[in-house]
Amino acid sequence: MSHGFELKPATAGIDPDTPALLQPVAKALHWVNQAMVVLGMLALLVASCVLTYSVFSRYLMKASTDWQDEAAVFCLVGATFMCGAFVQQLRGHVGIEAMAGLLPRSVNRLRLALVDLMCTAFCAFFAWKSWTLFHEAWAEGQTTSSSWAPPLWIPYALMALGMTLLSLQLLVQLTARINGLFKPQQGAVA
């Protein structure tokens, strides 16, 4: 049973198996992911300040708070979706590796490529659906049902852009993984 002690620490970088054609895309994604993390940190800070102000104004000053919850949710949606590609770049998403120690190295490498393929397909579908939601909200002028009524295209745009970045990150990592399948592994017995 593995408890992660044998794993290398997560580092943000470009997989050396990334095909030369996708190296510029991988470098651009690396830069964008770094920027999204900074914006995500700021969004979390803003959300915490807004919610703190909401509690303070509602309970101590008896003022109504009709905008704070939605503003905080929009910030949290943005931070969550826009930082997903950075987490994937680190391969930091939760993964169950119960079978990894049971399978031969070559079969495990193929399993990982198949997992990357399925994740890429799922996230690409999610991104496409998010863009359709964004378009509907934009074209129809949809807003939330609160008295503040901010436009719904804002969270849908954040969701769509974040899922698109995640799909691109997964695609780059999938190509690197497939490229790595055809390279001999270090320490592999011939």
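**Salt bridges, aromatic contacts and cysteines in a predicted model**

Three salt bridges are found when the whole structure is searched. The structure is a predicted model, and the contacts described below are read from its atoms.

One of these bridges joins the side chains of Lys183 and Asp17, with 3.1 Å from N to O. The two partners belong to distant parts of the chain: Lys183 is in the segment after helix H5 (153-181), Asp17 is in the segment before H1, and 166 residues separate them. Lys183 counts as partly exposed, at 37% relative accessibility. Asp17 is likewise classed as partly exposed, at 22%.

A second bridge is formed by the side chains of Arg91 and Asp116, at 3.0 Å from N to O. Arg91 is placed in the loop between H3 and H4 and Asp116 in helix H4, so this bridge ties together parts that lie 25 residues apart in sequence. Arg91 is partly exposed, with a relative accessible area of 34%, whereas Asp116 counts as buried at 4% relative accessibility.

Asp116 also meets the side chain of Arg177 in a salt bridge, again described by an N to O distance of 3.0 Å. Here the partners lie in two helices, Arg177 in H5 and Asp116 in H4, so the pair ties together parts that are 61 residues apart in sequence. Arg177 is partly exposed, with a relative accessible area of 23%. Through shared partners, the salt bridges join Arg91, Asp116 and Arg177 into one network.

Helix H4 spans residues 105-140 and includes Val107. Val107 counts as partly exposed, at 39% relative accessibility.

The structure holds eight aromatic pairs. One of them, between Phe134 and Trp138, is tilted, with 6.0 Å from centre to centre and 40 degrees between the planes. Both residues lie in helix H4, four residues apart, which is about one turn of the helix. Trp138 is exposed, with a relative accessible area of 53%. Phe134 pairs with Trp153 as well, in an edge-to-face arrangement with 6.4 Å from centre to centre and 75 degrees between the planes. This second pair links distant parts of the chain, since Phe134 is in helix H4 and Trp153 in helix H5, 19 residues apart. Trp153 is partly exposed, with a relative accessible area of 31%. Together with Trp131, the residues Phe134, Trp138 and Trp153 form one aromatic cluster.

Tyr53, Val55, Phe56, Tyr59, Leu60, Met61, Trp67 and Trp148 form a nonpolar surface patch, with about 850 Å² of accessible area together. Trp67 is found in the loop between helix H1 (23-59) and helix H2 (68-82). This tryptophan is partly exposed, with a relative accessible area of 32%.

A polar residue provides a contrast in setting. Gln89 lies in helix H3, which covers residues 84-89. Gln89 is buried, with a relative accessible area of 6%. Its side chain makes a polar contact of 3.0 Å with the side chain of Asn33.

The cysteines remain to be considered. A disulfide is a covalent bond between the sulfur atoms of two cysteines. A search of the whole structure finds zero disulfides. Cys83 is accordingly in none, and the nearest cysteine sulfur, that of Cys75, is 12 Å away. Cys83 is buried, with a relative accessible area of 14%. For Cys119, the closest cysteine sulfur belongs to Cys123, at 6.3 Å, which is too far for a bond. The cut-off for a disulfide is a sulfur separation within 2.5 Å. Cys119 is partly exposed, with a relative accessible area of 33%.

Definitions and conventions. Residues are numbered from 1 along each chain as its sequence is written. This is a predicted model: local features need pLDDT of at least 70, side-chain atom pairs count only at pLDDT 80 or more; totals for chains, interfaces and linings use all residues. Side-chain values use heavy atoms; hydrogens and water are left out. Buried means under 20% relative accessible area, exposed over 50%, partly exposed in between (1.4 Å probe, protein chains only). A polar contact is a pair of N or O atoms within 3.5 Å; within protein, one must be able to donate a hydrogen and the other to accept it, and residues adjacent in sequence count only if both atoms are side-chain atoms. Patches are made of residues with over 30% relative accessible area and no salt bridge: like charges are joined within 9 Å, nonpolar side chains (Val, Leu, Ile, Met, Phe, Trp, Tyr) within 5 Å. Accessible areas come from the Shrake-Rupley method with a 1.4 Å probe; for residues, only the protein chains shown count as cover. A salt bridge is a side-chain nitrogen of Lys or Arg within 4 Å of a carboxyl oxygen of Asp or Glu. Rings of Phe, Tyr and Trp (its six-membered ring) pair if their centres lie within 6.5 Å; planes under 30 degrees apart count as stacked, over 60 as edge-to-face and the rest as tilted.
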